[in-house]
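Let's go through this one together and check each label against its cut-off.

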Amino acid sequence: MKLEVAGLGRDMLRWFTSYSSNRQQLVDVSGTHSKTAYITFGVPQGYILGPLLFLMYVNDMSAVVQNKLLLYADDSAILVSGKNICMVEKALSEDLSTVSQSLVN
């Protein structure tokens, strides 16, 4: 949805969808392989457009987070401090819920 809002045409959207869907991964430890699992979200590691897609995905996070937001490279963190753990949990939950909704819309 974010790519569509950014103005990408139908052909480019289909290409991104095709490239990022039905991807699988497994873990190889000294020749022993895990079961193959489908990747349902994220950008493939080493993907040249990964940093750009990440930035497009999180570019509006700062507008919806009420607490301290740290963004660095391909990582983000919401920081909340307080003396009451229930209030800290509530503040984090509210921010995460808001972020989740904004990333989908």
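Q: Which residues lie nearest the centre of the largest pocket, and how many line it?
A: Phe 41, Gly 42, Val 43, Leu 53 and Tyr 57 lie nearest the centre, and the lining has 30 residues. This is a predicted model, where local features need pLDDT of at least 70 and side-chain atom pairs count only at pLDDT 80 or more, while totals for chains, interfaces and linings use all residues. Residues are numbered from 1 along each chain as its sequence is written, and side-chain values use heavy atoms, with hydrogens and water left out.

Q: What makes a space a pocket and not a cavity?
A: Rolling a probe the size of a water molecule over the atoms shows where empty space is left. On a 1 Å grid over the protein atoms alone, a cavity is a set of points where a 1.4 Å probe fits but cannot get out, while a pocket is an open set with protein on both sides within 12 Å along at least five of seven lines; lining residues have an atom within 4 Å of a point. The largest pocket holds about 1,100 Å³ of space, where a volume is the space filled by probe spheres set on the points, and grid points are joined across faces, edges and corners.

Q: Which helix gives the most to the lining of the largest pocket?
A: That's α3, with seven residues. At least two residues each come from α1 (2-5), α2, α3 (50-58) and α5 (85-104); helices here are DSSP runs of H or I with at least four residues, strands are E runs of at least two, and both are numbered from the N terminus.

Q: How do the lining residues of the largest pocket divide by class?
A: There are 18 nonpolar, nine polar and three charged. Nonpolar takes in Ala, Val, Leu, Ile, Met, Phe, Trp, Tyr, Cys and Pro, charged means Asp, Glu, Lys and Arg, and the others, Gly among them, are polar.

Q: What lines the second largest pocket?
A: Ser 20, Arg 23, Gln 24, Gln 25, Ile 39, Phe 41, Gly 42, Val 43 and Pro 44 do. β1 gives the most, with three residues, and the space comes to about 160 Å³.

Q: Why is Asn 22 called exposed?
A: Its relative accessible area is 66%, and exposed means over 50% (buried is under 20%, partly exposed in between, with a 1.4 Å probe and protein chains only). Asn 22 therefore counts as exposed. It sits in the loop between α2 (10-20) and β1 (23-25), with a positive phi near 55°.

Q: Why is the chain called more spread out than a compact globule?
A: The protein chain has five helices and six strands. Its radius of gyration is 17 Å, well over the 13 Å that the globule rule gives for 105 residues, so the chain is more spread out than a compact globule. That radius is taken over C-alpha atoms, and the rule is 2.2 Å times the number of residues to the power 0.38.
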